[in-house]
Amino acid sequence: MSKSFSLEDAVLTIDGIEITGYENAQDAISIAPIGDDGDITYGINGKGVFVHSCNRGATVTIKTLQHSETNQKLNQLRNAQINNPTTATGKLITYKDLRNGDEFLLTGCWFTTPPTHARGTSHNGVTWTFKATKAEFDIKGGL
């Protein structure tokens, strides 16, 4: 039995704002954990102890088309974070795959790497980068 996925069946929101206008890329939405779950510390006798990491963060990248409404919304959110640092708050990013049931909840998300804006002889994408203080993943088996 083959499985299926379509970005058309995926809903990603940032503070309740639905993100649309994705670039046609394999990694239009990418969520990468920051660091390992832990590591083993070895003693001189060759035995080890697993030490759990307290890091539950993730880097989130979203690739959108150059001329999408989403870029305007994300630029406004980023400007609010940069121009009002004393009142800025971490964002809530949610993702749900309506076809397969996967859900991601990312809390305490902040814009980190500013996007590059390019213009030229072809259509360019815009990459938005956030870091989350906590990432929770609920992966399902799919259709």
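**Exercise 1. Thr129 and its surroundings**

Work out in which strand Thr129 sits, whether Thr129 is buried or exposed, and which residues Thr129 touches.

*Solution.* 
Step 1: Find the element. Thr129 has its place in strand β9, where strands (E, at least two residues) and helices (H or I, at least four residues) are DSSP runs numbered from the N terminus.

Step 2: Check the accessibility. Thr129 is buried because its relative accessible area is 10%; buried means under 20% relative accessible area, exposed over 50%, and partly exposed in between (1.4 Å probe, protein chains only).

Step 3: List the partners. Not counting residues up to four places away in sequence, Thr129 touches Thr59, Val60, Thr61, Trp110, Phe111, Thr112 and Thr113, with contact meaning heavy atoms within 4.5 Å.

A note before going on: this is a predicted model, in which local features need pLDDT of at least 70 and side-chain atom pairs count only at pLDDT 80 or more, while totals for chains, interfaces and linings use all residues. Residues are numbered from 1 along each chain as its sequence is written, and side-chain values use heavy atoms, with hydrogens and water left out.

**Exercise 2. The whole chain**

Describe the order of helix and strands along the protein chain, and set its radius of gyration beside that of a compact globule.

*Solution.* 
Step 1: Count the elements. The protein chain has one helix and ten strands.

Step 2: Read them in order. Along the sequence the pattern is β-β-β-β-β-β-α-β-β-β-β.

Step 3: Turn to the dimensions. The radius of gyration of the protein chain is 18 Å, whereas a compact globule of 143 residues would have one near 15 Å; the radius is taken over C-alpha atoms, and the globule rule is 2.2 Å times the number of residues to the power 0.38. Along its principal axes, the C-alpha trace spans about 60 × 50 × 30 Å.

Step 4: Of the 143 residues, 30% count as buried. Among contacts between residues at least 6 apart in sequence, 67% join residues at least 24 apart.

**Exercise 3. Val11 and Asp15**

Compare the places of Val11 and Asp15, and say what the phi of Asp15 is.

*Solution.* 
Step 1: Take Val11. Val11 is found in strand β1 and is partly exposed, with a relative accessible area of 25%.

Step 2: Look across the sequence. Val11 and Tyr95 are 84 residues apart in sequence, yet 5.6 Å apart in space, C-alpha to C-alpha. Leaving aside neighbours within four places, the contacts of Val11 are Glu18, Thr94, Tyr95, Lys96 and Leu98.

Step 3: Move to Asp15. Asp15 lies in the loop between β1 and β2 (17–18) and is partly exposed at 39% relative accessible area.

Step 4: Read its backbone. Asp15 has a positive phi of about 50 degrees although it is not a glycine. Most residues other than glycine have a negative phi.

**Exercise 4. Thr41 and Gln26**

Decide how accessible Thr41 and Gln26 are, and where each lies.

*Solution.* 
Step 1: Thr41 lies in strand β4 (residues 38–42) and counts as partly exposed, at 49% relative accessibility.

Step 2: Leaving aside neighbours within four places in sequence, Thr41 is in contact with Lys47, Gly48, Val49 and Val51.

Step 3: Gln26 lies in the loop between β2 and β3 (29–33) and counts as exposed because its relative accessibility is 86%.
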